[in-house]
Amino acid sequence: MKKSFLLFLFWLIWSPTQLLAKNLQARLAYATFYAPGQGPYVETYLYVLGKSVVFAPLSNKKFQASIEVTLIFALNGEIKYFDKYNLLSPEADDSLKTSYSFLDQQRIQLPNGKYKFELSIRDKNKEGKPYIVSEDVNIDYNENILSISDIELLESYKPNTTENKLNKGGYELIPLVDNFLPDEVNSIKFYAEVYNAATLLGNDGYMFSYHIETYENHRVLDAYTRMQRMQAKPVSALIKEIDISMLPSGNYNLVMEARNRNNELLASRELFFQRSKVPLLSESNGDYHNIEVSNTFAASYTNKDTLAEYILSLTPISGPEDNRFADNQLELADLKLMQQFFYSFWEKKNAENPYMAWMKYKQEVDKVNATYSAVNKKGYLTERGRVYLQYGPPNTVSKQYNEPATYPYEIWHYYKIKTQTNKKFVFYNPDLATNDFELLHSDALGEPFDPQWQLRLNKRTEVNKDFDRTKTKDQYGKQADDIYVNPH
């Protein structure tokens, strides 16, 4: 399942007041599969939040929402698939009892290629322009290569042989159109398919494994690793589930791999997800007391203030648990435990040479402090510093400090961030008096996404009373939209 995101009000969990506008809210995800003898296809999953749409009265005295959906897949500028239809909610007896949500799934057969996928949705019971979002979709299946489909996250599944859009592999699959797994979710359920094993491996079979790894450094978590021997078939449908009740908060990849008897990697797939886990009190202090650091580089840091500064500089590349532990230790100021934590942190990053890993990172911290420090704030604690240290230096930076109608801003462009490509970050400085630019918007996974970022950038001169509008009016010297679309 590629990219699951909340359209038009992405950070709903952090901005509950925006619900008052009753904007249309929906989550979108998609996944690609392959049907032998028929070819590849794409499944789109659209999850509409019922409390965000208008339920209109029907002739039978019930109420129903109606969403106009347009799907377009274009290849090299040419439209290869187009569909426009109305998505209807279940009928409601009471217009005040419509907090439930509803799901739409489409299955679209398309040949291999790199497509531009565009989705447009509009609440037909409310005046306003449609919301539009576009994504790059790469379909690449070869009958001469063993391959794995995209991974589809599941809310639930059950055996069902009745033909319908939700059925695959003899099961009815209810997709989970979200890659954010909160504390109350105790397992991650998912579906995938393996293709062409019978043709390529014959009776040899193969080893199939799946695991969870940290997103930042791809460290495999052994407690969340599973393996099984697979019989070679033309298509193998796989429904799996991993208990994540004890998985800490953080960013992760769910990874699937197929290997031959020589342990050679034949195919793999991965899916990004976020976990939010409230730790038990007993888990909040880590287990660093037994680490011996007397003969390590960490033991040379005997000044508590210096070591505290170094530990604080790890914030941009630390997970929630490390940051929580670091905060506790900085308050306690226990030198030995600080040394143990610091050494353990870098040993996990590079077991062979943790000191070299720290020195390489420290050089980057020094650069960030020299460039992005603000009043009473070190560079690594600013938004630009955090992004630089977390993702590395951007490939291009466009600085616009003197546009007539906007706050000073910068647009950073990354060609590649791990498995993500063509990602942008928009920073701006609304207070004008400091060098502390805030992160206004980004299309990278796990970062704040704001479809109205251009309006907020122009708030210096333009007052917006239209909650549905995402673009600014034409203004002299306006460049933000062009720079964002065509970074330079």
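Keeping in mind that the model is predicted, begin with the open sheet of 4 strands, which runs in the order β7-β6-β9-β10 and is paired in the antiparallel sense. Select residues 78-88 for β7 and 131-139 for β10: these two strands stand at the edges and have a single partner strand each, so one side of each is left without a neighbour in the sheet. If you turn the view to look along the sheet, note that neighbouring strands are turned against each other by 15 degrees on average, with direction ignored.

Now move to residues 335-349, the 15 residues of helix α4, whose first and last C-alpha atoms lie 22 Å apart, close to the 21 Å expected at 1.5 Å a residue. Which residues of α4 are buried? Colouring them in your viewer will pick out Leu337, Met338, Gln339, Gln340, Phe341, Phe342, Tyr343, Ser344, Phe345 and Trp346.

## A buried glutamate

For the next stop, select residues 206-214, which make up strand β17, and find Glu213 within that strand. Is Glu213 buried or exposed? Its relative accessible area is 7%, and because residues under 20% are counted as buried, Glu213 is a buried residue. Show the side chains of Glu213 and His218, and you will find them joined by a polar contact of 2.6 Å. If you then display the surroundings of Glu213, leaving aside its neighbours within four places in sequence, the residues in contact with Glu213 are His218, Arg219, Val220, Leu221, Tyr252, Asn253, Val255 and Glu270.

## The whole chain

Finally, select the entire protein chain, which has 8 helices and 25 strands. Of its 488 residues, 49% are buried, while the accessible surface of the chain comes to about 24,400 Å², with 49% of that area belonging to carbon and sulfur atoms. Among the contacts between residues at least 6 apart in sequence, 61% join residues that are at least 24 apart.

Definitions and conventions: Residues are numbered from 1 along each chain as its sequence is written. This is a predicted model: local features need pLDDT of at least 70, side-chain atom pairs count only at pLDDT 80 or more; totals for chains, interfaces and linings use all residues. Side-chain values use heavy atoms; hydrogens and water are left out. Two strands pair if DSSP finds at least two bridges between them. Axes are lines fitted to C-alpha atoms, for helices over the stretch in contact, and angles run from 0 to 180 degrees between N-to-C directions. The expected span of a helix is 1.5 Å times one less than its number of residues. Buried means under 20% relative accessible area, exposed over 50%, partly exposed in between (1.4 Å probe, protein chains only). Contact means heavy atoms within 4.5 Å. Accessible areas come from the Shrake-Rupley method with a 1.4 Å probe; for residues, only the protein chains shown count as cover. A polar contact is a pair of N or O atoms within 3.5 Å; within protein, one must be able to donate a hydrogen and the other to accept it, and residues adjacent in sequence count only if both atoms are side-chain atoms.
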